[in-house]
Amino acid sequence: MAVRRQPTLRDVAAAAGVAVSTASRALTRPGRVNADTADRVVAVAKELGYIPSASARALLSGRTATVALVLPDVTNPFFFGLVRGTGARLRESGYVQVLADTEESAEVELDTLRKLRGQVDGAVLAASRLSDEQIAGAAQDLALVVVNRTIPGTPGVLLDTAGGMVQALEHLAASGHTRIAYAAGPATSWSDRRRREALEPAADRLGVELVVLGPYAPVRASGAQAADAAVDSGVTAVIAFNDLLAFGVLERLDVRGVPVPGRMSVIGCDDIFGADLVRPALTTVESPVERAGRMAADLLLARLEGGRSDDEDAGGLDDEPVVPVRDAADPVMLPTHLVIRSSTGAAG
């Protein structure tokens, strides 16, 4: 006995008397076709036992229903909230999220974006190490949203960590510290440059001396070098680029017998898991990272849903207009705030 083959979308379209592209829209975006037509196509599909495949949808629509989240370091706990936020929002809209780790390398990041073209519908680019020109160039070929970056013409979400760093400096100045170190992050970090640009005038305003140390890799292992440099520079407080670096500073100060906060106050940034568990508990800048992820996904979905029509990709069988993509003029800014714990105190 012959085995009955699985019905295809073309079979559904033929039985319903519509174009293949119309059948595709009726099954995936029924709001974009006539209601009677959509009902007829759905009824025929059920009658034939049609089961749509992801590959078939991609061939017909030019869409993969997949979005990439590109991160400089997937092991950094700061990004966990971003993964949750983007993933949840994308999942609600029928997209699958894939992660790409660029290992803090601009070269790997650029190569990753090139390879993603045609493989995903778009990407959320977090804490990019690329230049403005490289990101703008990549955005010509792939729908992009940036997190913690501002690129003209490219939507983005910005966490005001620079403002949080100023809060940290104000907290230390109010505690009597007059010579304070900033342990800088990677030289390729846009966020790091923005923080230094905010800290320097704030230090002048507060009448404190700011000593910039580094740059350092934003990992725990770099904390030993940063701590040694801070002790040698004669400062009484250190503001670290991120919590991982601050954890390493605390460890090294403990090994050297430097009491915290008795002789040295330490502040981190991100309020990652464990910031309240180290001893002493870390004073740090808290950011709404998961919310930033959801907002970044929303911005990308707006670009994707407002981009090319299905018919444009399916050969223009119908004459529905293409909705133009609208880019946000300015990034969405989310506030941060300082969480004061026991790693900071009065100047010794």
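Val211 is buried in this predicted model, with a relative accessible area of 14%; buried denotes under 20% relative accessible area, exposed over 50%, and partly exposed the range in between, computed with a 1.4 Å probe on protein chains only. The residue belongs to strand β7, where strands (E, at least two residues) and helices (H or I, at least four) are DSSP runs numbered from the N terminus. Leaving out residues up to four places away in sequence, Val211 touches Arg179, Ile180, Ala181, Tyr182, Ser233 and Val235, a contact being defined by heavy atoms within 4.5 Å. Val211 and Tyr182 are 29 residues apart in sequence, and their C-alpha atoms are 6.1 Å apart in space.

The model is predicted, so local features need a pLDDT of at least 70 and side-chain atom pairs count only at pLDDT 80 or more, whereas totals for chains, interfaces and linings use all residues. Residues are numbered from 1 along each chain as its sequence is written, and side-chain values use heavy atoms, with hydrogens and water left out. The mean pLDDT, which is the predictor's confidence in each residue on a scale from 0 to 100, is 88 for the protein chain, and 88% of the residues reach 70 or more. Over residues 307-328 the pLDDT is below 50, although this stretch has 42 contacts in the model beyond near neighbours in sequence. Where pLDDT is low, the predicted coordinates should not be read in detail.

The protein chain contains 13 helices and 12 strands. Of its 348 residues, 51% are buried. Among contacts with a separation of 6 or more, 71% link residues 24 or more positions apart. The accessible surface amounts to about 15,700 Å², and carbon and sulfur atoms contribute 53% of this area; the areas come from the Shrake-Rupley method with a 1.4 Å probe, and for residues only the protein chains shown count as cover.

Strand β7 is part of an open sheet of six strands with mixed pairing, in the order β7-β6-β8-β9-β10-β12; two strands pair if DSSP finds at least two bridges between them. The edges are formed by β7 (209-213) and β12 (337-339), each of which pairs on one side only. On average, neighbouring strands of this sheet are turned by 25° against each other, direction ignored; axes are lines fitted to C-alpha atoms, for helices over the stretch in contact, and angles run from 0 to 180 degrees between N-to-C directions. Within the sheet, β8 (residues 237-240) and β9 (residues 265-270) run parallel and are joined by three bridges, and Ala237 has Ser265 in β9 as its bridge partner. Helix α10 (residues 223-233) packs on the sheet, touching β6 (179-183), β7 and β8, and its direction makes about 145° with that of β7. Helix α11 (residues 243-255) lies across β6, β8, β9 and β10 (283-286) and runs at about 155° to β9.

Thr178 lies in the loop between α8 (161-174) and β6. With 52% relative accessibility, Thr178 counts as exposed. Apart from neighbours within four places in sequence, Thr178 is in contact with Val208 and Glu209.

Three bridges pair β5 (residues 156-159) with β11 in the parallel sense, and Leu334 in β11 is the bridge partner of Leu159.

Five of the five residues of β4 (residues 143-147) are buried. Ala143, Val145 and Val147 cover one side of this strand's buried residues, and Leu144 and Val146 the other. Strand β3 (residues 122-126) pairs with β4 in the parallel sense over five bridges.
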